[in-house]
Number of protein chains: 2
Amino acid sequence: MPIRFEIIAQDKTTRARAGLLHTPHGVVETPVFMPVGTGGTVKGMRQEELEALAVQILLANTYHLYLRPGHELIRDAGGLHRFMAWPRPILTDSGGFQVMSLKSLGRVTEDGIWFRSHLDGSKHFLSPERAVEIQLALGADIIMTLDECVEYPASHQTLERAVSLTTRWAERSKQAFARGSGPEPLATHPESVTPNPPSQIPRSSLFGIVQGGTDKELRRQSAEALMGLDFEGYALGGLSVGEPKSEMYDVAEFTADLLPRERPRYMMGVGTPEDLLEGVARGIDLFDCVMPTRNARNACAFTSEGKVILKNVRWARDERPLDPACGCAVCRRYSRAYLRHLFVTGEMLGAILATHHNLHFYLDTMRKIRQSLLFGEFAEFHRKVRMQP
Amino acid sequence: MPIRFEIIAQDKTTRARAGLLHTPHGVVETPVFMPVGTGGTVKGMRQEELEALAVQILLANTYHLYLRPGHELIRDAGGLHRFMAWPRPILTDSGGFQVMSLKSLGRVTEDGIWFRSHLDGSKHFLSPERAVEIQLALGADIIMTLDECVEYPASHQTLERAVSLTTRWAERSKQAFARGSGPEPLATHPESVTPNPPSQIPRSSLFGIVQGGTDKELRRQSAEALMGLDFEGYALGGLSVGEPKSEMYDVAEFTADLLPRERPRYMMGVGTPEDLLEGVARGIDLFDCVMPTRNARNACAFTSEGKVILKNVRWARDERPLDPACGCAVCRRYSRAYLRHLFVTGEMLGAILATHHNLHFYLDTMRKIRQSLLFGEFAEFHRKVRMQP
């Protein structure tokens, strides 16, 4: 089994737990935040810097990599790790979310999703099998099944239909994964005595995605159906799509409780620093979100004192670091005044430095959460952070 | 005297020399290439990375910093070094070149240059005195006099007028510099017993700029007039403005020969890697050019095998480094295929990595030149490089 998950600490009063996720590219300490490297790069960050920030696992978007440079090119280059020179673990999504969020461009059928490229309008088809095939070519450590993600609010009928389709797709994904990553392809060359070169050995693990919106009964149906298929990890999809925070937390807790304790749980596309803490408290192990990186490019920084809008004229002569409580390379060296100047003049370095800081803030938040778990202080940490103004 | 120049090696067959330029912010090994940090940042590069690349001195543009964030803001922040968190030497230009290259926006009079901001059309006036005042506020180690730079080709009359105006402006600059950096301002507060805080101690040195186009007699007049004013260094202006290479080299050699041996010589805005070598052979010590950084952003890399156009489809599956002979961090880690992907998809990281490589290429070229001087092998190095296809 390519991945192995080990729980090393469990909070007594909440569902929070700390673990080790062993992958073919190294061990990930959970709970973990995964920066988003959409097209094989976390915008504005070198891989060296991500390593220096102690990023443990990256997320990459199958949709974007499929369109450019193409999954076959990446497969031929030895997989995504090698192509982008990132030696640590990678998780890829199925591509379905991007395809469906480009509304007018996608059409969902029983077979899969027809969509048009946002780049040139060309027509493409993404089926559960195809999503697995593309992701196996990319060669991420963790790959995701194709699912149907529904907007909030949605009718019960819509949600039910999506859960049922997601279940059928999960089954097809599982079968495609077994074929694609199993011994069958070797059987076509029975005379071959050379083992596959390392880059072709399938080393991915497949996660299923629970849907059901804010409907607990549907979440239960979805979770149980997926568990019947026995995935190596389970994701909570269809959250943070417009529902109130309290509902999101409630559904996350309800759904996490349904899932097997010994498998990693991944809350997709979530969220704010607060969401990380609340998600962990509800038993989530993995998170990803574009917020720290996208906000950074829009001159919005996360700090211990809340969000800082970097273009604000009040920082024009402010010689303090962006976050006086932060020890990142940016806060140790550069002033708010300089960062503001960079954003006001449209210099690339503004986005570069703000991205570095925001990622540090997210990763550091998660490190503190994990430390509190290891030392049996999570409940206290949780209470303290919640009580902050 | 804030700067001191020391020649430590002199080639026997050419005018090339190696030296040490002692400045208030450290010692610069010459000949040296200065990356251009237009608005207080070398586009796409962190200051940490510039340090790691062993950048010894940066150039910043007075015009841009005067408009945004303003020289007074930078002065109040403790000067440009502190504002941009760059502890090593800085040279600023006078602003005149930018003002005049924005053609329709500038008007030259005896007093100075009227110009409109390229940002909002607001009207500004730059006199020799004002250029010194602004640069003293920025606090660079080396500052430049305001000069009139003429395009190529120009009539003898135009060139003569520009030389004569540049000479009068140089004299006014020298006087303004003496007032601005001398003891006079202190005299207005005779009761003060507190010494000026370090950031206000004038530590700049003023360089004069020789003009005269490709007219040697005018170059001689210009150089002699400036030498009469005794500058701490001399620049060759008005080169690389369209004249043939052979003329540029010829004029550089002729002009460098006129200048005092013991003062640093700076060829402004030049040039290609070949120009650095040819400039050094003619006795030049300092160079600056936007070429490595600007070309990088336009997906053009300098390599030991010539220029590489990074968007070229032939690199789509090329797993070799950008320059197999290069030991920079980019060539050690990333493939041409990945760099091409970044540029084709418009990712920031493309410009970041190409800028890093190109700067490394320029700095490394200059290091090799300097090494050859220290070991008495410059002539051989020069001959070898020239003989390459």
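Let me begin with how axes are drawn here: an axis is a line fitted to C-alpha atoms, for helices over the stretch in contact, and angles run from 0 to 180 degrees between N-to-C directions. Helices are DSSP runs of H or I with at least four residues, numbered from the N terminus. This is a predicted model, in which local features need pLDDT of at least 70 and side-chain atom pairs count only at pLDDT 80 or more, while totals for chains, interfaces and linings use all residues. Residues are numbered from 1 along each chain as its sequence is written, and chains are lettered from A in the order in which they are written.

In chain A, helix H9 (residues 216–229) packs with helix H10 (residues 245–258) at an angle of about 30 degrees, and their axes are 10 Å apart. H9(A) and H10(A) are therefore roughly parallel to each other, a label given to angles under 35 degrees. Their contact, where C-beta atoms placed from the backbone lie within 7 Å, is made by Lys216(A), Arg219(A), Arg220(A) and Ala223(A) of H9(A), together with Val251(A), Phe254(A), Thr255(A) and Leu258(A) of H10(A).

Turning to the two chains, a rotation of 180 degrees with 0.0 Å of shift along its axis superposes chain A on chain B, with an RMSD of 0.0 Å, by least squares on the C-alpha atoms of residues with pLDDT of at least 70 in both. The two copies are thus related as by a two-fold rotation axis, and in chain A the C-alpha nearest that axis belongs to Met348(A), 4.0 Å from it.

Finally, 33 residues of chain A are in contact with 33 residues of chain B, and H14(A) supplies the largest share of chain A's side, 5 residues.

Key. Helix = DSSP H or I, 4+ residues; strand = E, 2+ residues; numbered from the N terminus. Parallel < 35°, antiparallel > 145°, perpendicular 65-115°, else oblique. Contact = placed C-beta atoms within 7 Å.
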